[in-house]
Amino acid sequence: MLFNSLAFLYAFLPITYVVFWRLTGKMPRYVWLAISGYVFYSFWNYKFCSLMLFSTTVSYLAGRGLLRWRDPGRRRLCVVIPVALDLALLGFFKYGNFAAANLNGVLPWLGMRATLPILDLVLPVGISFYTFHTITYIIDSYRGAITPTRNFFKFAAYVSLFSQLVAGPIVRFRQIDQDFEHIDRADRTADLQTGWSFFVIGLLEKVLIADTIAAVIDPALARYAELSTVSAWLCVLGFAYQVYFDFGGYSDMAVGLGYMFGFRLPQNFNSPYKATDIADLWRRWHISLSSFFRDYVYFPLGGSRGSRWLTARNLMITMVLVGLWHGANWLYVIFGAYQGLLLIGHRMIRARWQRLPQWAQRSATFGLWLLGLAIFRASGFGMAAALLETMFTWHAGAGMVGAGALIVTLALAAVIAHWAPNTFEIRHRWSPSWVAGCAVLFGICLFVLYGARPAPYIYFQF
Amino acid sequence: MTTSIGTGQRRRPVWQLGFVIPCLLAVVGLADIGLRFMSIDPFTFRAWEALLRNRPPGAAFEPNRDYDNARSYGDLAALGNFPALRQYRVERFTTDALGFRNPPRILNEEISAILAGDSFVVGSGVNDDETLSSRLTTSMGCVVYNAGSDAGRVVPDEILSVARRLNLRSRLVIRLYTDGAAVPVPPTRREIAAVRLIGRLPADVRAVAGKVRGFLTVSPLQSLSGRAWKAIDNGRILPNKYADNVVRATLVNGDTMLFQATRVDNFHRRRDLSLGYWRWLREDLSKAGFDLFVVLVPGKYEVYRPFLVDPQPLSPGAGDYLNRLERALRAMDVPVLNLTPFLSGEAARSLQRGKYLYWLDDNHWNAQGTALAAAAIRAQWPLTATACNTTRSPAVQTP
């Protein structure tokens, strides 16, 4: 079920909301949130609910073990076993076939005739997100950053919280533990205005900007070989804004839904296109993911405490894993490696970079990001190479259908992305005229949702 | 901004998103519900969608309905969102009390044959008097009942359920199978049980069930919104995202003809014959005392592919599905008539005069196509005036 679907707006959300606030006490609300999360998830594939339940149960038991045992050996087991199981599940569903296909290509070179089977697997939606939820919970419990909960339903509600279940943000338990503790004391009206404000803005970003851009660039990119140089740049530029407003919009809707139920979900996008360098961009882009890799991969590897070479190695490993997290595809690995190179390069020329005027820093950062997105968007090496070649050598090519609509939308998107305050910077206290304007735009969104099937979010595939 | 309500002691925020947006959702939701009580005829471009809405289980369409549209057009023009290629025509579509496309008086007449199959049988795109069953009735002097429906697969229990309500003179089922439709497979036990259960339900219950289903699943607001967005996704303002549903081809005379992309793909694929369905259909009908006569109808692409500019070449084993099916059915002693050679030849002759047997903007045959098909069936199938007076068709005796 998508946030931008009529079923969600007219059935799931009102029912979940009304029942939640009619219930009193922590336990009934935990149970209801857990149930609603599983119902929400089952709209994709109810069979995979068991997978989420398994992951939840194992992590919960590990947390109980960490509460109970003090000796290092047992505590280590309480971390290693559930994290290994989580990663094994993630690896099997997300990377199993990728690994098998690559091994099948390599084995003959090693003189081996064995062929690994390619399984007909369906990637459980959201597995990359809820797996990371449980991993952060276990590791934070082990490190003593949080106290594991004894309440299974509280933990199940945390893992399956529908607002962040399938595409994040990757919320750590410690970030919303207090909200869970005060779930019976939350005031339903206090955060409702803010919640709807976030939700409406997110919906507008998704439906009116991201989906309009996608409507033009997707058909054009499907015929990438025919693109002109101008069209290729427009497509990549369009994708940059599409992916930002798609995922940023989703994150805003998730935050808004969190507010409606008394949860303060963390900011996931902090105006990344205002970044002045690539490290700054990664501090602002998909913050919950980048901070996960920073805290659980980069820092444990040594971070920047070692030599320049060790730091570069750590950066590269981290960013390749970030790329690989997006999917089992070498293009994502290359995207990650490219980002790693940019980060390493930036560390080397940081002093000189900072002497550039700010507009130049921002423009250059955005330009370098665009090149990475050309790789990220490509469906294969051929497309990536052709797209980059078309961008940097002159091709007359064919015009794009809908170029006028695209340019208008891109101009609007650019103003919002590069200059406007983001949703965490505004006060969400609207004057009547702004409310009326939002209502009109929301009405248009509804009309779109009525007339066409809601477009899925890009990050659902990850 | 806040607005005082009642005594002024309790203040409720009105001009706030948390109030306005849920209200807007409620208003739009209520409008949607309200529109569902209205007819959707004004929102439809042809009878098919309008009459499917309140279809009771076991029926093809909403019973006892008249649908008139002076500016109906083809399904492919709609499917591919090509307004410039629409062929506007008058469509009159009437259903009987059982929910099939027949004149209501037919239930008082003696039926000589039941014509079953998909939208080609129904006569999508043609008027009541131009359907194949009407043509056969007129030309042969005995009444042929149109039991066509959108479910391409014909299940004997459904036919028997209909037949029980008819005044049958002859127990003959003409099963029309159109190339490009899905290869039929026998239904599962559960499906058969459901068909039987539906057949036993009183007509009133089925009618209510149909209306409830129509109310829940068909939204005029969605239709309206869908049409509005199609006007924007027109290939100029925004790319036409529907265009890939349809193959747009040029005929040798320069006319543009539309084909459904999935049917073109099907034609070019090597499809394996599956005779289980046909065997089962014959046996089940036979047990109920019905004879089966199969008529194979070529798809539009098969008929007009030879006349396309730069047609897609045929890969080995593709494109001859109906011929193979005809041979297989004959080997099973199932009486069969393959209209492919006849309609292909007639299409070539008509094309020279700038006429067509199928609509340019529709999957289906037009009035000329149904007339020719009826003539071919009449010529090859010995259901004569004599047969109309017998209780058993001679069709199976002279395959």
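**A tyrosine and an interface**

Guide: Tyr95(A) is found in helix α4 of chain A, which covers residues 72–106. The model is a predicted one, and the values that follow were computed from it. Tyr95(A) has a relative accessible area of 17%; because this is under 20%, the residue counts as buried. Leaving aside residues up to four places away in sequence, Tyr95(A) touches Leu90(A), Leu324(A), Trp325(A), Gly327(A) and Ala328(A). As for Leu368(A), 273 residues away from Tyr95(A) along the chain, the C-alpha atoms of the two are separated by 28 Å.

Let us now turn to the interface. Here 29 residues of chain A are in contact with 30 residues of chain B. Between them the two chains bury about 2500 Å², and 76% of that area is on carbon and sulfur atoms. On the side of chain B, the residues that lose the most area to chain A are Leu17(B), Leu25(B) and Pro239(B), which together account for 26% of what that side buries.

Seven residue pairs are found in polar contact across the interface. In chain B, α1 (17–36) and α9 (220–232) each supply at least two residues of the side that touches chain A. Of these, α1(B) gives the most, with 11 residues. By type, the residues on this side of chain B comprise 18 nonpolar, eight polar and four charged.

Terms used:
Residues are numbered from 1 along each chain as its sequence is written. Chains are lettered from A and ligands numbered from 1 in the order in which they are written. This is a predicted model: local features need pLDDT of at least 70, side-chain atom pairs count only at pLDDT 80 or more; totals for chains, interfaces and linings use all residues. Side-chain values use heavy atoms; hydrogens and water are left out. Contact means heavy atoms within 4.5 Å. Buried area is the accessible area (1.4 Å probe) that two parts lose on being put together, summed over both. A polar contact is a pair of N or O atoms within 3.5 Å; within protein, one must be able to donate a hydrogen and the other to accept it, and residues adjacent in sequence count only if both atoms are side-chain atoms. Helices (H or I, at least four residues) and strands (E, at least two) are DSSP runs, numbered from the N terminus. Ala, Val, Leu, Ile, Met, Phe, Trp, Tyr, Cys and Pro count as nonpolar, Asp, Glu, Lys and Arg as charged, and the others, Gly among them, as polar. Buried means under 20% relative accessible area, exposed over 50%, partly exposed in between (1.4 Å probe, protein chains only).
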